[in-house]
Amino acid sequence: MCLALFIAASKQLPVIPKDPEKPAFHVVPLPESMDDVRKLLPYPHIYYVGSHEGCSCAFNYEHEFKSALELRDYLRKALTVADEIEGFSYRPGQERLNVLHSVTISPGGVALPEFFFQDGQRLLFRSRKTMQAQRRNPPQAVSSDWKPTRVGARHLK
């Protein structure tokens, strides 16, 4: 069963069209019919992120290869447009989408061999600089289910 990765931001992110003739890394707007994903992600600009395989599986299994590095580089550039990017990964085919795991991670963290996108995983992508500043000046009150974590760390919701 394949993996699907979606990302969302408060501002429009660059689109990288999918070319069926030359499969490669792509970031395309979420189809209007995917309301279940829209309900999970708080930002209006939502995208599907795929690899040369067409799905998002290569991001888990090709850490030292082009796919994970392209995702890392894309997220780094996207974080210059938006302060944070939220994501959701899951295995398509489920009737209901559920958040089973949450993680806060830098773009570089997604390319580490020990990082894997999980089924039902909500992601908060932040730049390493933002994450370090947050550790130095932690918020006084946390009003959401997001909790600062180390790069690559995972915790259950």
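These legends describe an overview and several close-up views of one predicted model.

**Figure 1. Overview of the chain and its elements.** The model is predicted. The chain holds four helices and seven strands. Read from the N terminus, the order of elements is β-β-α-β-α-α-β-β-β-α-β. Of the 157 residues in the chain, 46% are buried. The exposed surface comes to about 8600 Å², and carbon and sulfur atoms supply 53% of it. Among contacts with a separation of 6 or more, 65% join residues 24 or more positions apart.

**Figure 2. The largest nonpolar core.** This core has 39 residues. Leu71, Ile85, Phe117 and Phe125 have the most contacts inside it. At least two core residues come from each of β1, α1 (35-40), β3 (45-50), α3 (66-78), β4 (85-90), β5 and β6. Strand β1 gives the largest share, six residues.

**Figure 3. Phenylalanine 117 and its contacts.** Phenylalanine 117 is one of the core residues with the most contacts inside the core. Neighbours within four places in sequence are set aside here. The remaining contacts of phenylalanine 117 are Leu3, Leu5, Phe59, Asn60, Leu71, Ser89, Val110, Leu123 and Phe125. Two of these partners, Leu71 and Phe125, are also named among the core residues with the most contacts.

**Figure 4. Valine 103 beside leucine 123.** Valine 103 sits in strand β5, which covers residues 101-105. Its relative accessibility is 0%, so valine 103 counts as buried. Leucine 123 is 20 residues away along the chain. Even so, the C-alpha atoms of valine 103 and leucine 123 are separated by 5.1 Å.

**Figure 5. Glutamine 121, a buried residue with a polar contact.** Glutamine 121 belongs to strand β6, residues 121-125. Glutamine 121 counts as buried because its relative accessibility is 0%. A polar atom of its side chain lies 3.0 Å from the backbone nitrogen of glutamine 118.

**Figure 6. Phenylalanine 25 and tyrosine 74, a tilted ring pair.** The chain has seven aromatic pairs. In this one, the ring centres of phenylalanine 25 and tyrosine 74 are 5.9 Å apart. Their planes meet at 50 degrees, so the pair counts as tilted. Phenylalanine 25 lies in the loop between β1 and β2, and tyrosine 74 in helix α3. The pair thus links distant parts of the chain, 49 residues apart. Both phenylalanine 25 and tyrosine 74 are buried.

**Figure 7. A cluster of four aromatic residues.** Phe6, Tyr48, Phe88 and Tyr90 form this cluster. Ring pairs link them.

Figure 8. A disulfide is a covalent bond between the sulfur atoms of two cysteines. The closest cysteine sulfur to that of cysteine 55 is in cysteine 57, 3.5 Å away. The cut-off for a disulfide is 2.5 Å, so this distance is too far for a bond. Cysteine 57 is likewise in no disulfide. The count of disulfides is zero. Cysteine 55 is buried, at 10% relative accessibility. Cysteine 57 is buried too, with a relative accessible area of 11%.

**Figure 9. Lysine 22, an exposed loop residue.** Lysine 22 lies in the loop between β1 (4-9) and β2 (26-29). With 62% relative accessibility, lysine 22 counts as exposed. Histidine 52 is 30 residues apart from lysine 22 in sequence. In space, the two are 8.2 Å apart, C-alpha to C-alpha.

How values were computed. Residues numbered from 1 in each chain as written. Predicted model: local features only at pLDDT ≥ 70, side-chain atom pairs only at ≥ 80, totals over all residues. Heavy atoms only, no water. Buried < 20%, exposed > 50% of the residue type's maximum accessible area, 1.4 Å probe, protein only. Polar contact = N/O pair within 3.5 Å; in protein donor to acceptor, adjacent residues only side chain to side chain. Contact = heavy atoms within 4.5 Å. Areas by Shrake-Rupley, 256 points an atom, 1.4 Å probe, with all protein chains shown as cover. Core = buried A, V, L, I, M, F, W, Y, C linked by side-chain atoms within 4.5 Å. Phe/Tyr/Trp six-rings, centres within 6.5 Å; stacked < 30°, edge-to-face > 60°.
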